[in-house]
Amino acid sequence: MSRLDALSEFSDPELLSAHCAGEEAAFGELFRRHRDRMWAVALRTCGDREMASDAVQDAFLAAFRRADSFRGEAAVTTWLHRIVVNACLDRLRRTKPTVELPELELADRHDDHASVEARVDVQAALALLPEGQRLALTLVDMQGLSVQEAAEVLDVAEGTVKSRCGRGRAAMAELLQLEPGSRGGHPVRPVRPVRPVDPIAPLDPVDQAGPVAPVGPVDTRAEPSGPA
Amino acid sequence: MTPLGAPSPDPEDDPTGVRALLSSLPDPGPMPTDLVERIQASLEQERVRRLASVDAAAAYDGADGAVADGTATGRLVARVGAEVASLVPGPHASRDRRGLRVLATVMGAAAAVVLVGVLGTRLIGLGSGSSSSATSGAAGSAAQMETNGSGAVRSPAAPSSGAVTRGTPSPDSGPLHKQPLSAQLMRLRVSTTRYTGAGLAAQAATLVDSAVAGLRPVALTAGTGSGLPLATAAGLRSCMDGLHAEASGGATVDIAYYDGAPAAVLVVAAGGRHTAYAVGRECSRSDPHLLHGATPLN
């Protein structure tokens, strides 16, 4: 069995330990295993391919250098997620928007390319959320992390993650004009343009300031006030 | 309404449908090939940079088997080596990797030459005797020397009064004059074993068996790709010197965890007896980073 074949049978923690012990190919194997997933996290967090490329490179370099800091209590993927998210946030906070966001026109659900347009709609709506809610939804709903894992990645309490997810989903539902009770479908009502330049006040401005006391889930079962 | 004391509703429940919508979005796809190559190149650059600093630390390896790494000498060399390595230009896609390795090796040798010059000057200044004794004793004496430059390197093994010992090896450098343990008697394992203080004796006993899974020979020199000195013969000897551990029958090191933190467990054999130690991964002659002292296994 070749050395690389042997490494492919190592668990993630064993690969990190081997890397710390000087095994040259160990980190490469770790990179190969997790690069696609971390690329997805970076892209969904940054919302920009160039920025995501730089951030994920920063992240893997940081992981290479700080492998010895992994204490083995969480999964290696959780550890990597945290490094990638932090690298993305560093990049995002360094970059100030230089152009105004264009008016946002959400798609007609009857369009032939509805799935692509729906993805654009969703990404655009996500971009309007406060950072904490956007990160929580990205990790839990899009990346499939558990609330506990997401809490470890974001270094907040589980209740905070649940709260941010609840508020974020409610905000997204409002932005996308989703019918209550809809399950994964496209917006079922004709949508109106959303104009981010005409400020839409963050639904949870307090969220930007940091952890807040957990609140109950948002009640989305209220009667719609608008026309059906 | 949820009765008091009853389990809270399923946190995954999402009547808005947003979770299902988000999870149904198509995956962004694999990392682009050009980005894969770019990151691999930067990781390779990082590996070369680490090799350069480790090689510089090991470059000053005297004829008497003196180990540079871990001593004040080694740290000074490593610092010089690190400074030298930092002059290596940053990563560029078009950089010739082979040229970088050659450059790093040359710079490491240059660092060693600088070090000899610095130490020679200091020894002359201290009036430590003939040049031959100054040179051969430099490795030992350097462990006791206090530098007072901007990059002051103080050896913890120096007497507490701070006095500089002139040319006389300290007791701490005693193992330098013994026949070093052959690398063939050293074994390395990398595991995720979570050693504990209470369980060390039982856990480490498995390392006594030379047939235990995962054991392999240690790297002979730092230049063969190791980023951790403890994984090399020289580094392991340095660590055992710091522990004042007798290991005439061999030594096994397991890179693992102790009490939840990254660590290494050593099992040394001498006179038919085995003794275990738990140390930090930076264990060396000057500072063994002892976590758990000598524990007899048989």
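Student: What does chain A average in pLDDT?
Tutor: Chain A averages 77, and 65% of its residues score at least 70; pLDDT is the predictor's confidence in each residue, from 0 to 100. This is a predicted model, where local features need pLDDT of at least 70, side-chain atom pairs count only at pLDDT 80 or more, and totals for chains, interfaces and linings use all residues. Residues are numbered from 1 along each chain as its sequence is written, and side-chain values use heavy atoms, leaving out hydrogens and water.

Student: Where is pLDDT below 50 in chain A?
Tutor: Residues 99–112 are one such stretch, with 22 contacts (heavy atoms within 4.5 Å) beyond near neighbours in sequence. Residues 222–228 also stay under 50, and there the model has 2 contacts beyond four places in sequence.

Student: OK, new topic. How much area do chain A and chain B bury between them?
Tutor: About 4,600 Å², 59% of it on carbon and sulfur atoms. That's accessible area (1.4 Å probe) lost on putting the two parts together, summed over both. In contact terms, 56 residues of chain A meet 50 residues of chain B.

Student: How many salt bridges between chain A and chain B?
Tutor: The count is 4, taking a side-chain nitrogen of Lys or Arg within 4 Å of a carboxyl oxygen of Asp or Glu. The side chains of B:R38 and A:D54 form a salt bridge at 2.5 Å, N to O.

Student: And which element gives the most to the side of chain A that touches chain B?
Tutor: That's α4(A), with 9 residues.

Notes:
Chains are lettered from A and ligands numbered from 1 in the order in which they are written. Helices (H or I, at least four residues) and strands (E, at least two) are DSSP runs, numbered from the N terminus.
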